[in-house]
Amino acid sequence: MPELSRRSALTAAAVLATSAGTLSAVTPASAAGHHGSPGTFDEVYKGRRIQGRPATGSGHHGHHGAGYAVFVDGVELHVMRNADGSWISVVSHYDPVATPRAAARAAVDELQGAPLLPFPAN
């Protein structure tokens, strides 16, 4: 059997890592069951009302939020879908989660009772 070169080993590792990332990115979309778009939610989480639904119109969220709007106590929480299918919000930007609902819950956790202030869309 030929000896494995460093380049071959790194290439194989990169392929495996990419494959694993692709499988984990596919799982949340298929779990939603709506061709990759998350479902609507409306619940009270830790005393805060969180809501999510497909966004209407072609504003700023049509590009970054993949056409999805999230609200905490009626104030819009800016969310963005990453290339790998995960979601982040302006409140928990460095902690990607699987769904917009999880992003809303993470924002409530991070706010620790503080009100969500509107995000200026410039």
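User: What makes S3 and strand S4 (residues 75-77) a pair?

Analyst: They're joined by 3 bridges and run antiparallel. Two strands pair if DSSP finds at least two bridges between them, so S3 and S4 qualify. In the hairpin, which has 2 residues between the strands, Asp73 takes a positive phi near 55°. Quick caveats: this is a predicted model, where local features need pLDDT of at least 70 and side-chain atom pairs pLDDT 80 or more, while totals for chains, interfaces and linings use all residues. Numbering starts from 1 along each chain as its sequence is written, and side-chain values use heavy atoms, with hydrogens and water left out.

User: How do you know which way S2 and S3 run, and how many bridges join them?

Analyst: There are 5 bridges between strand S2 (residues 48-54) and S3, and the two run antiparallel. Gln51 stands opposite Phe71 in S3.

User: What does Val70 touch?

Analyst: Not counting residues up to four places away in sequence, its contacts (heavy atoms within 4.5 Å) include Phe41, Gln51, Leu77, Pro100 and Ala104.

User: What makes S3 "mostly covered"?

Analyst: 5 of its 5 residues are buried. Tyr68, Val70 and Val72 point one way, Ala69 and Phe71 the other.

User: Is Glu43 buried or exposed, and how do you know?

Analyst: Glu43, in strand S1 (residues 41-45), has a relative accessible area of 16%. That value falls under the cut-off, so Glu43 counts as buried.

User: Why is the link between Glu43 and Arg101 called a polar contact?

Analyst: Their side chains are joined at 2.5 Å. The rule is a pair of N or O atoms within 3.5 Å; within protein, one must be able to donate a hydrogen and the other to accept it, and residues adjacent in sequence count only if both atoms are side-chain atoms. So 2.5 Å is inside the limit. Glu43 also touches Arg48, Arg49, Ile50 and Arg105, leaving aside residues up to four places away in sequence.

User: How many of the chain's residues count as buried?

Analyst: 28% of the 122 residues do.

Conventions:
Helices (H or I, at least four residues) and strands (E, at least two) are DSSP runs, numbered from the N terminus. Buried means under 20% relative accessible area, exposed over 50%, partly exposed in between (1.4 Å probe, protein chains only).
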